[in-house]
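Me: I'd like to learn how to read the features of a model like this one. Could you take me through it?

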Amino acid sequence: QQISWTLLLVLGYLFYLLLGAMVFQLLEKQAETHFRDQFQLEKLKFLQNYTCLDRQALEQFVQVLMEAWEKGVNPEGNSTNPSNWDFSNSFFFAGTVVTTIGYGNLSPSTVAGQIFCVFYALFGVPLNLAFLNQLGKGLNAHLITLERWVQKPGRAQVQLAIFLTTGTLLFLVFPPLVFSYVEGWSYGEGFYFTFITLSTIGFGDYVVGTNPNKHYIPVYRSLTAIWIVFGLAWLALVFNVGADLMEKFLQLKWHKPDLSLAEGATIKLEDEPEQPRIHIPS
């Protein structure tokens, strides 16, 4: 029975990955081809307008732009752009390291910085997990029990609804409004950035405080880093509850428990309530 359920879970997981791959390919491949052709056309137009350049010189300049971007230097603007390594930005970067978000738009370029980053992450990631776990316990203490809200709807169900609604507003609904106003993004882009960040996926296609044409307050990215930490704890709890409910759903669908055993388990739950085991996943 256990092996069968594990096999079902593995097959379902692989199917979900294959489904995602097919959908992403269907949605994005054509757009990528369009942008690639458009970029090549722009390079041809550039060469036609500036006949003193040849294709090799243009490709070398494009390579310089790519290297600058990889080093965290935005090709837009000029040398007066704010530093990526002032204290506020460095604080934000440190937060992306220990939370394993890793946007990829900025990284240490010196050997000393790279070595320090390795050891900083080596100790910082476990410290961050311990902190999030403790923060999650504090949030969990106000929920009584999340695992039995389905079996015993009532106060716990109401508290779960309040927890999910409040967290959704604080961490997923309102922040995109701020980011849209400050960064000039659409609300959809802000919402996308918010979820990709708090889920620690961190693609790096949208990062706050990187537009050279905008003037940001010094503590903007530091405040964003603090918001990220508390949002991580909340979303990790939500993911963990979702994983527990999904496991129970699959087990109920896959197993057909004996009625006498189920009745005995119900009596035990009523007599001796099970302690909640919700935790931040490491």
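Reply: The structure holds 14 aromatic pairs. Rings of Phe, Tyr and Trp (its six-membered ring) pair if their centres lie within 6.5 Å; planes under 30 degrees apart count as stacked, over 60 as edge-to-face and the rest as tilted. Keep in mind that this is a predicted model, where local features need pLDDT of at least 70 and side-chain atom pairs count only at pLDDT 80 or more, while totals for chains, interfaces and linings use all residues. Residues are numbered from 1 along each chain as its sequence is written, and side-chain values use heavy atoms, with hydrogens and water left out.

Me: How is the pair of W185 and Y206 arranged?

Reply: A pair of aromatic rings is described by the distance of the centres and the angle of the planes. For W185 and Y206 the centres are 5.3 Å apart with 85° between the planes, so the pair is edge-to-face. The pair links distant parts of the chain, 21 residues apart: W185 is in the loop between α5 (155-183) and α6, and Y206 is in the loop between α6 and α7 (220-254). Helices (H or I, at least four residues) and strands (E, at least two) are DSSP runs, numbered from the N terminus.

Me: What is the overall pattern of the protein along the sequence?

Reply: Read along the sequence, it goes α-α-α-α-α-α-α-α, that is, eight helices and zero strands. Of the 282 residues, 28% count as buried. The accessible surface, from the Shrake-Rupley method with a 1.4 Å probe (for residues, only the protein chains shown count as cover), comes to about 19300 Å², and 67% of that belongs to carbon and sulfur atoms.

Me: How much of the contacts comes from residues 24 or more positions apart?

Reply: A contact means heavy atoms within 4.5 Å. Among contacts in the protein with a separation of 6 or more, 65% are between residues 24 or more positions apart.

Me: What do T96 and N128 touch?

Reply: Take T96 first, in helix α3 (residues 87-98). T96 is buried at 7% relative accessibility, and, not counting residues up to four places away in sequence, T96 touches I101, G102 and Y103. N128 sits in helix α4 (residues 111-140) and is buried as well, with a relative accessible area of 9%. Leaving aside neighbours within four places in sequence, N128 is in contact with V98 and T99.

Me: How many salt bridges does a search of the whole structure find?

Reply: A salt bridge is a side-chain nitrogen of Lys or Arg within 4 Å of a carboxyl oxygen of Asp or Glu, and the search finds two. One joins the side chains of E32 and R36, at 3.2 Å from N to O. Both residues lie in helix α1 (residues 2-49), four residues apart, about one turn of the helix. E32 is partly exposed at 43% relative accessibility, and R36 is partly exposed at 45%.

Me: And which residue does K43 form a salt bridge with?

Reply: That partner is E59, with the closest N and O atoms 2.6 Å apart. K43 lies in helix α1 and E59 in helix α2 (residues 55-70), so the pair ties together parts that are 16 residues apart in sequence. K43 is buried, with a relative accessible area of 9%, whereas E59 is partly exposed at 33%.

Me: Which residues does UniProt list for "transmembrane region"?

Reply: The unreviewed UniProt entry lists residues 6-27, 112-132, 158-178, 190-208 and 220-243. UniProt positions are given in the numbering used here, feature names are shortened, and annotations may be inferred rather than shown by experiment. In the model, residues 6-27 are 100% helix and 0% strand, with end C-alpha atoms 32 Å apart. Residues 158-178 are 100% helix and 0% strand, and their end C-alpha atoms lie 29 Å apart.

Terms used:
Buried means under 20% relative accessible area, exposed over 50%, partly exposed in between (1.4 Å probe, protein chains only).
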